[in-house]
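Please find below a short note on the model under review.

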Amino acid sequence: MSNSPPRDRGRFGADTRLVLAGRDPSAQHGFVNTPIYRGSTVLYPTYDDIKHRRGRYNYGTSGTPTMDALCEAWSEIAGAAGTVLAPSGLSALTLALMTCVSAGDHLLVTDSAYRPTRIFCDGVLKRYGVEVEYYDPLIGAGIAGLMRDNTRAVLVEAPGSQTFEMQDVPAIAEAMHARGGAVVMDNTWATPLLFPPHERGVDLAVEAGTKYLSGGSDLLLGLVSANAAYYPALKRTYEHFANCPGPEDIFLGLRGLRTMGLRLREHGARGLAMAEWFQARPEVLRVLHPGLPDDPGHAIWKRDFSGASGLFGVILKPVSEEALAAFLDGLELFGMGFSWGGFESLVIPFDPTVYRTATRWPPDGSALRFHIGLEDPEDLKADLEAGFARMAAVG
Ligand SMILES: *Cc1c(COP(=O)(O)O)cnc(C)c1O
């Protein structure tokens, strides 16, 4: 075996590509990984070289071999023309949106979007003269009815943050492209491994690398991949902001990439099994997981996705706040905190009734979001059973 990676990697499966992408040991004295390049200044050998900015690297913000390794690997995995990085998932989202809307434009945003995305749209984008309109995530091809002469982009997210509605992304993309606008997707839940965004009509796909790329709850990182039509504009916008993550964080992203497929499969299988377990519990009203056959989004999920990750929602039958607190406060294995995608199980309470504007979320029970980690499933079930017993004791 040569110490250069095989070319023409399209013939390989996704796990093989995760192992090979974005590294070339022959260019690193045989070392397996691309090292951490720290740097601002890049020296040019001659006057003529600096005058013409000759050379692959010009300055630390616009690219380093470490940055290129992750961007190239991600583009390969996502089927993209190019990728840029950001220091968090939210900053990647803002970069994707800033790439395709300008003052006077109309932007359609799913009512199920990640909440900080809404806050950015309602704050910064509105302040800069963009008209932001929220739409029903289930609208599908009906999105055509909301389009105006100045509609420039649509933001989709599937499944929705917290509420897990599936969106018909190909239908929305077709309607948007008929008008010449851009489709931006927050693809964090599925990653390109479970939903190939650009193949399904997405122009700019955002991933919070903080989640499954990291896999360790030890990293903040964002990625935006783009198809050939949008990559030049994305790269330009990236360079205007120069909002680049630090080299150690990029390196941790590369490290996470190698095992992301394996971890995602485990999180997905354990998550689905736990969703089924919740469905059978008498305390539970509904489980929000598109992988469940009776979920309203199941048909779209089956058509467009090749798996699930480990994040889903549970609506408990109405209980008192004291009973809910008794359930949550005594959990030993489920941490209570934001973010997800790490090796550990998490839970948060949420209330979609307070922020949705285009649709009404029924206030029919207490909503919890679970991330299923890599602990033994039987231990997780025992922890939850003890929680339900505490809840019943409060009444
Ligand atoms: C966490 C998350 C983000 C933001 O990622 P950060 O790195 O925490 O900024 C964006 N979208 C979704 C769906 C997320 O869950």
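The note takes up the domains, the pocket, a loop and the cavity in turn.

1. Basis. This is a predicted model, in which local features need pLDDT of at least 70 and side-chain atom pairs count only at pLDDT 80 or more, while totals for chains, interfaces and linings use all residues. Residues are numbered from 1 along each chain as its sequence is written, and side-chain values use heavy atoms, with hydrogens and water left out.

2. Domains. The protein chain is assigned domain 1 (67-252) and domain 2 (260-394), the bounds being those of an automatic or database domain assignment. In the contact (heavy atoms within 4.5 Å), 37 residues come from domain 1 and 39 residues from domain 2. Taken over C-alpha atoms, the centres of domain 1 and domain 2 are 25 Å apart.

3. Interface. About 3,300 Å² is buried between domain 1 and domain 2, with carbon and sulfur atoms giving 61% of this area. Buried area here is the accessible area (1.4 Å probe) lost by two parts on being put together, summed over both. Of the area that domain 1 buries against domain 2, 25% is supplied by Gln162, Trp189 and Tyr212, more than by any other three residues.

4. Salt bridges. Three salt bridges are counted between domain 1 and domain 2; the term requires a side-chain nitrogen of Lys or Arg within 4 Å of a carboxyl oxygen of Asp or Glu. The side chains of Glu165 and Arg356 form a salt bridge at 2.8 Å, N to O.

5. Largest pocket. The volume of the largest pocket is about 560 Å³. A pocket is an open set of points on a 1 Å grid over the protein atoms alone, with protein on both sides within 12 Å along at least five of seven lines; a cavity is a set where a 1.4 Å probe fits but cannot get out, and lining residues have an atom within 4 Å of a point. Grid points are joined across faces, edges and corners, and a volume is the space filled by probe spheres set on the points. The lining of the largest pocket has 32 residues, of which Tyr114, Ser161, Lys211, Trp340 and Arg369 are the closest to its centre. Domain 1 and domain 2 each give at least three residues to this lining.

6. Loop between E4 and H6. Pro159 lies in the loop between strand E4 (151-157) and helix H6 (169-178), and a cis peptide bond with omega of about -10 degrees joins Ala158 to Pro159. Phe164 is placed in the loop between E4 and H6 as well; although not a glycine, Phe164 has a positive phi of about 60 degrees. Helices (H or I, at least four residues) and strands (E, at least two) are DSSP runs, numbered from the N terminus.

7. Cavity. One cavity of 30 Å³ or more is present, and the largest cavity holds about 40 Å³ of space. Its lining includes Trp74, Asn187, Glu207 and Ser225. Strand E6 gives the largest share of that lining, three residues.
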